[in-house]
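Visitor: I am new to this structure and would like to learn how to read it. Could you show it to me and walk me through a few features?

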Amino acid sequence: MHELLHWSAGARLPIVLVNVSRSMAAPWSLGVDHDEITLRCGVQHPDWLVIFEPNLLDNPLITGGANDKTSIVMNYLQPLSNALPFHYRNIFQVDGTAIAEGLNLKTTSSSIVITGMVGAFAGASGLVKINRLVKIIRDLVPIKKEENAAAARQAFKTVQEVSDG
C-alpha cells in the first residue's frame, strides 16, 4: 500500500507509517522474519526512519532515500560512530531491547521491541500523543496489552536525542 503515501503527502494528511518485519503465518504471527529487511517501496526522502538494528544504518537499501532532513529513531543506546553514512537531521536513541526484556516482551529467541519503538518515535517526533498511543495499543495488541502499553510509555520517556544537526 506504499503507493498511497504519495497521495496522502499531496493531501497533507498526518500519517504515521509503521513497517515491521515479521513472519507470515495464518492467521497472524509474532515470529520474527529473519530475511534481510529492505525498503521495497518507492519512498524517497523520508522525514523519519525507525531503525530496530543499528547495523542497518550501513544498508543503502534502508537509508538510501534519507537526506539531511531525515530524523532517525534507533533501538540502540551506545555512543555512535562518527562514521555515519551521511549527516541526518536528528538522531534519537532508546534501549528498546532492555525495555522489552524488563517487561518480559520476548519470544524464546528475541525481544519484541515494536511497541517500545513506536513509543520512542512518539516521544522523539511529538507527532503522536502518548495517551492516544497507549489507548490504541490496548485496543489492538492481542496479548500482553499492559506490558506493551508500559513499553511504549517507558520508551516515550527515555528516548534521547544524540545529535541536533
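This is a predicted model: local features need pLDDT of at least 70, side-chain atom pairs count only at pLDDT 80 or more; totals for chains, interfaces and linings use all residues.

Visitor: How many residues does helix α6 have, and how far does it reach?

Guide: Helices are DSSP runs of H or I with at least four residues, strands are runs of E with at least two, and both are numbered from the N terminus. Helix α6 covers residues 145–158, which is 14 residues, and spans 20 Å from its first C-alpha to its last, close to the 20 Å expected at 1.5 Å a residue. That expected span is 1.5 Å times one less than the number of residues.

Visitor: Which residues of α6 are buried?

Guide: Buried means under 20% relative accessible area, exposed means over 50%, and partly exposed is in between (1.4 Å probe, protein chains only). An α-helix has 3.6 residues a turn, so residues three or four places apart point the same way. In α6, the buried ones are N148, A149, A151, A152 and A155. They lie on the same side of α6, because their arc around the axis is only 155°, taken from the directions from the helix axis to the C-beta atoms. Their cover includes β3 (90–94), α3 (96–102), α4 (114–125) and α5 (130–140).

Visitor: Which residues have the most contacts inside the largest nonpolar core?

Guide: In soluble globular proteins, nonpolar side chains tend to be buried together. A nonpolar core is a set of buried Ala, Val, Leu, Ile, Met, Phe, Trp, Tyr and Cys residues joined through side-chain atoms within 4.5 Å. The largest one here has 14 residues, and V73, V94, A120 and V159 have the most contacts inside it. Its largest share, four residues, comes from α4.

Visitor: What is the phi of N104?

Guide: Most residues other than glycine have a negative phi. N104, though not a glycine, has a positive phi of about 60°, and sits in the loop between α3 and α4. K144 also has a positive phi, of about 50°, in the loop between α5 and α6.

Visitor: Is P54 buried or exposed?

Guide: P54 counts as buried because its relative accessibility is 18%. P54 belongs to the loop between β1 (48–51) and α2 (60–63).

Key: Residues are numbered from 1 along each chain as its sequence is written. Side-chain values use heavy atoms; hydrogens and water are left out. Contact means heavy atoms within 4.5 Å.
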